[in-house]
Amino acid sequence: MAHGIPARLSPAEGRKFGLTVGAAFAVLAAIMWWRDHQTPMYVFGALAGVLILGGLVIPGHLGPVFRGWMGLALLISKVTTPLFMGIVFFIVIAPVGIIMRLFGRNPIRHKAVNKSYWSNRSDARGDLTHQF
């Protein structure tokens, strides 16, 4: 699972986690109630109640729940990150490169000036003897 997640949370960390995730589940329960989906509304409402109650009553003992939540987040990120990066590459970066090549632009290849690829700098930076 995720590394560096403590086995036991401090009361402030547990309270923050319980109330934040509990509030998110409460919002999901309200949306399900509004859309008249009974079963998900009860599931999200129960999760919201348990997390909010746990965050208020026993915030220091939410460590295992927090570790499970972070483990789920790690698993989700292993799927969504490559998917998102692939979409960005094939929809944004590759077409821009193809268009640049079609118009004859190659940003890697530089032109030689006076038989040299060195760039002359116009701004003087001093002799660099006292750098620091």
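Predicted model: local features only at pLDDT ≥ 70, side-chain atom pairs only at ≥ 80, totals over all residues.
1. The expected span of a helix is 1.5 Å times one less than its number of residues.

2. On the overall fold: the chain contains 3 helices and 0 strands, and along the sequence the pattern reads α-α-α. Of the 132 residues in the chain, 16% are buried. The chain exposes about 11100 Å², and 69% of this comes from carbon and sulfur atoms. If contacts between residues at least 6 apart in sequence are taken, 71% of them join residues at least 24 apart.

3. Helix α1 covers residues 11-34, which makes 24 residues. From first to last C-alpha, α1 reaches 34 Å, close to the 34 Å expected at 1.5 Å a residue. After α1 comes Asp36, which has a positive phi, near 60 degrees.

4. The buried residues in α1 include the glycines Gly14, Gly18 and Gly22. Phe17, Val21, Phe25, Ala29 and Met32 of α1 are buried as well. The cover over the buried residues of α1 includes α2 (38-57) and α3 (63-102).

5. In α2, the buried residues are Met41, Ala48, Leu51, Gly54 and Gly55. These buried residues of α2 pack against α1 and α3.

6. Met41 deserves a separate entry. This residue is found in helix α2, and Met41 counts as buried because its relative accessibility is 13%, where the cut-off for buried is under 20%. Apart from neighbours within four places in sequence, Met41 is in contact with Ala29, Met32 and Trp33. Of these contacts, Ala29 and Met32 are among the buried residues of α1. The C-alpha atom of Met41 is also separated by 7.5 Å from that of Leu28, a residue 13 places away along the chain.

7. On aromatic residues: the structure holds 4 aromatic pairs. One of them is Phe17 with Phe66, whose ring centres are 5.1 Å apart and whose planes meet at 80 degrees, so the pair is edge-to-face. The pair links distant parts of the chain, with Phe17 in helix α1 and Phe66 in helix α3, 49 residues apart. Phe17 has a relative accessible area of 6% and is therefore buried.

8. Phe89 and Phe90 also form an edge-to-face pair, because their planes lie at 85 degrees with ring centres 5.0 Å apart; the cut-off for edge-to-face is over 60 degrees. Is each member of this pair buried, partly exposed or exposed? Phe89, at 39% relative accessibility, counts as partly exposed, whereas Phe90 is exposed, with a relative accessible area of 61%.

9. One aromatic cluster is formed by Phe25, Phe44 and Trp69. Of its members, Phe25 is listed with the buried residues of α1.

Methods. Residues numbered from 1 in each chain as written. Heavy atoms only, no water. Helix = DSSP H or I, 4+ residues; strand = E, 2+ residues; numbered from the N terminus. Buried < 20%, exposed > 50% of the residue type's maximum accessible area, 1.4 Å probe, protein only. Contact = heavy atoms within 4.5 Å. Areas by Shrake-Rupley, 256 points an atom, 1.4 Å probe, with all protein chains shown as cover. Phe/Tyr/Trp six-rings, centres within 6.5 Å; stacked < 30°, edge-to-face > 60°.
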